[in-house]
Amino acid sequence: MRIWAIALNTFKETIRNRILINILLFAIGLILLSMIVGDWSLNEQAKIIKDFGLSAMSIFGLLIAIFIGIRLMVQELEQRTIYIIASKPIHRWEIVSGKYLGLAITLAINVLLMSGALWGAGWIMESRIDFGLVPAIILIYVEILLIVGFALFFSTFMSPTLSALMTLIVFVAGHLIGVLREYVQMFPDKSFNWLFKAIYTIFPNLEYLNLKMAVVEHLSRSPHAVIFGLLYGIGYILIIHLFTIWIFQKKDFK
Amino acid sequence: MTKQLHILMLIVPLIIFIAWVHPIQKVLDRNRTIQFVDKRPVFLPKGNVLKWLSMGYRGLMSDWLWINCVIYYGRRAIDEDNPYYIYAEEHKTLEAELERAGHSQSPDDIPESALVTDENLRHLLYRFTSKGLVDYIYPMIDRVTTIDPHFIQPYIFGGVYVLLDTGEIKRAILLLEKGHRYNPDRWEFPLYLGWINWMYLGDIKRTQEYLVEAVGKKECPAFVGQLLRAFSLNAHQTEVTKIYLKGISENTTNQEIQDRIDKLLEELDAAK
């Protein structure tokens, strides 16, 4: 119940945030703009709209994660409101989890609104709603939640600028990490392969949460791609969240 | 802040705009000429690097490059409907521009190998050679299809439409073969590869092989089977062309392509 109270409060706080509203409006505008851009694509309007829409969801989700996820904890520390919350009969892990849950609800509404805009644009172009996009949308949401998890984690012990930079690095590295695996497979005799293997094993491979191209082009994929992607993402979210709680428990607010 | 200062803060920008920015813009516009063709090298990294750089947004990256291709080509194609072409003709800059970009409209400059085998069809299917244009368009399409190998339209655009305008057979075949390799279930690739073998290389045996392959694919339209039958009966090339064009027209929703094919069919009937 105490987690829920913090989550609700965080949700109310973030939903009123101007940055969030601006990013959301910009994303929805971009999805609608893709209808015009699609017109220049020589009979590929539907593909362009879906590609633009799904990418907008993912990119703007990342921006929300960076701008709002990081501010979530930093704001409490800077404005010293954390003292008021911490003085209540509430555990620190409940504060962190409540904050995370509140932002997760805000992000879910954002993703739903952007999906609505994408389906609306698709309806105008194709006169039908493509529910085949749902698996990609679910995994985009999980990816955003994971990035928010990292943003929250870094913001508990780093400055906001450094936290933003580190979150961005995690995002970029997460999408490129597959190269390391390919490298090890291509050149199995290299002496430093153990390092690449270790990095690949520890870092989340965000490409496992990327079904954008597969759903837009109706490419064949493993029947378990969504469920395994979901479990993979949630697993990492739990790990990073536990680390965040651990650091937050040890943090001295003085 | 006083009321006078408020008014001054509104008037000063207006004065700067009218007396300063706007006259400069007019001078800049006067020196700017609209060009029909230009040579634009592809400065982008190779497709594999772009694929890597695009991270989780390969679809977005390939769409963006593809739209650039279409805009580039649409602006520079010699076409009576192209406003840039009309503009250059009206301003009498067309010939100089074509020469500068390595274009040629002279039939003498067209290499024999780039012509369709049937002389009656040459004037319908070949419009101009365009070195400057193909040096941009094919490398760009190669990048688009490397980033997203399942994006079908760019293969067909480069393998058929650009070929019709430029006669770049080798590049068109390479592109269609690449598409065929990555999308073995699609009927379009064996059909268009067969079409090039028939129309440009005059290799009927190879054409039939490709058409047999196309007919065996899922969702292959009926006209491909009709084409194959026409080849088996040794029908005249013009008749086969008509079956082909009608088939393409019936299987596209693009009004522009349908109109163009109707025009071609009329010209074919008139040439009889």
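How much area is buried between chain A and chain B? About 2,000 Å², with carbon and sulfur atoms giving 68% of that; buried area here is the accessible area (1.4 Å probe) that two parts lose on being put together, summed over both.

Hi everyone, a word on the ground rules. This is a predicted model, where local features need pLDDT of at least 70, side-chain atom pairs count only at pLDDT 80 or more, and totals for chains, interfaces and linings use all residues. Residues are numbered from 1 along each chain as its sequence is written, chains are lettered from A in the order in which they are written, and side-chain values use heavy atoms, without hydrogens and water.

Chain A has a mean pLDDT of 87, pLDDT being the predictor's confidence in each residue, from 0 to 100.

Back to the interface: 24 residues of chain A are in contact (heavy atoms within 4.5 Å) with 20 residues of chain B. Two chains, and 2 salt bridges across them, meaning a side-chain nitrogen of Lys or Arg within 4 Å of a carboxyl oxygen of Asp or Glu. Lys47(A) pairs with Asp63(B) in a salt bridge at 2.7 Å, N to O.

Now look inside chain B. Asp142(B) and Lys178(B) form a salt bridge at 2.8 Å, N to O. Asp142(B) sits in helix α7 and Lys178(B) in helix α9, so the pair ties together parts 36 residues apart in sequence; helices are DSSP runs (H or I, at least four residues), numbered from the N terminus. Lys178(B) is buried at 8% relative accessible area, while Asp142(B) is partly exposed at 34%; buried means under 20%, exposed over 50%, partly exposed in between (1.4 Å probe, protein chains only).

Technical notes. Helix = DSSP H or I, 4+ residues; strand = E, 2+ residues; numbered from the N terminus.
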